[in-house]
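User: Hi! I'm new to this one, could you walk me through it?
Analyst: Happy to, let's have a look together.

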Amino acid sequence: PQMYNQWSYWETLSWAQEYVGYLKAGYTVTDAAGVVYPVQVPPSKLYLGYPATTTAAGSGYINPVQVVSMVRTLADSGVVLAGLMTWSIDEDYRAGWPFANAAAAYAGP
């Protein structure tokens, strides 16, 4: 899931914990024909995606250091994600790699 053009609620630790828990527990989606599809994503297969810089998104930006702190806190509570991702990597490059450097410093649990 990408965190893009959302309200500030989406950029909080409590949201991340709730969202990851929701995906882990699972839910179903029913298509127009009535076919039910189970959706369940274990944290170990989940990458959270955020815009690399303020110029990469109109809203939904959170400082990469805060993103890494949030992911570390999740890991400390036993919720280990597959990792982080970003888009507009060219924006990260132009800004001096703030997202890539923060993510590299995390480098997993």
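User: What do the axes of helix 1 and helix 2 do?
Analyst: This is a predicted model. In it, the axes of helix 1 (residues 13–25) and helix 2 come within 10 Å, crossing at roughly 50°.

User: And what does that make helix 1 and helix 2 to each other?
Analyst: Helix 1 and helix 2 are therefore oblique to each other. The crossing of helix 1 past helix 2 is right-handed.

User: Which residues meet there, in helix 1 and helix 2?
Analyst: From helix 1 you have L13, A16 and Q17, and they meet M70, T73 and L74 in helix 2. Sorted by class, that contact has four nonpolar residues, two polar and no charged ones.

User: Nice. What about helix 2 and helix 4, how do their axes cross?
Analyst: The axes of helix 2 (residues 64–76) and helix 4 (residues 98–106) come within 8 Å and cross at roughly 25°. That angle makes helix 2 roughly parallel to helix 4. Helix 2 passes helix 4 in a crossing that is right-handed.

User: Which residues make the contact?
Analyst: On helix 2 they are P64, V65, V68, V71, R72 and A75, and on helix 4 they are P98, F99, A102, A103, A105 and Y106. This contact of helix 2 with helix 4 divides into 11 nonpolar residues, no polar and one charged.

User: Switching topic: how do strand 1 and strand 2 run, parallel or antiparallel?
Analyst: Strand 1 (residues 27–30) and strand 2 (residues 36–39) run antiparallel, and four bridges join them. T30 stands opposite V36 in strand 2.

User: And what lies between strand 1 and strand 2?
Analyst: Strand 1 and strand 2 form a hairpin, with five residues between them. In the turn, G34 has a positive phi of about 90°.

Methods. Residues are numbered from 1 along each chain as its sequence is written. This is a predicted model: local features need pLDDT of at least 70, side-chain atom pairs count only at pLDDT 80 or more; totals for chains, interfaces and linings use all residues. Side-chain values use heavy atoms; hydrogens and water are left out. Axes are lines fitted to C-alpha atoms, for helices over the stretch in contact, and angles run from 0 to 180 degrees between N-to-C directions. Helices (H or I, at least four residues) and strands (E, at least two) are DSSP runs, numbered from the N terminus. Angles under 35 degrees count as roughly parallel, over 145 as roughly antiparallel, 65 to 115 as roughly perpendicular and the rest as oblique. A crossing is left-handed if the near helix is turned anticlockwise from the far one by less than a right angle, and right-handed if clockwise. Contact means heavy atoms within 4.5 Å. Ala, Val, Leu, Ile, Met, Phe, Trp, Tyr, Cys and Pro count as nonpolar, Asp, Glu, Lys and Arg as charged, and the others, Gly among them, as polar. Two strands pair if DSSP finds at least two bridges between them.
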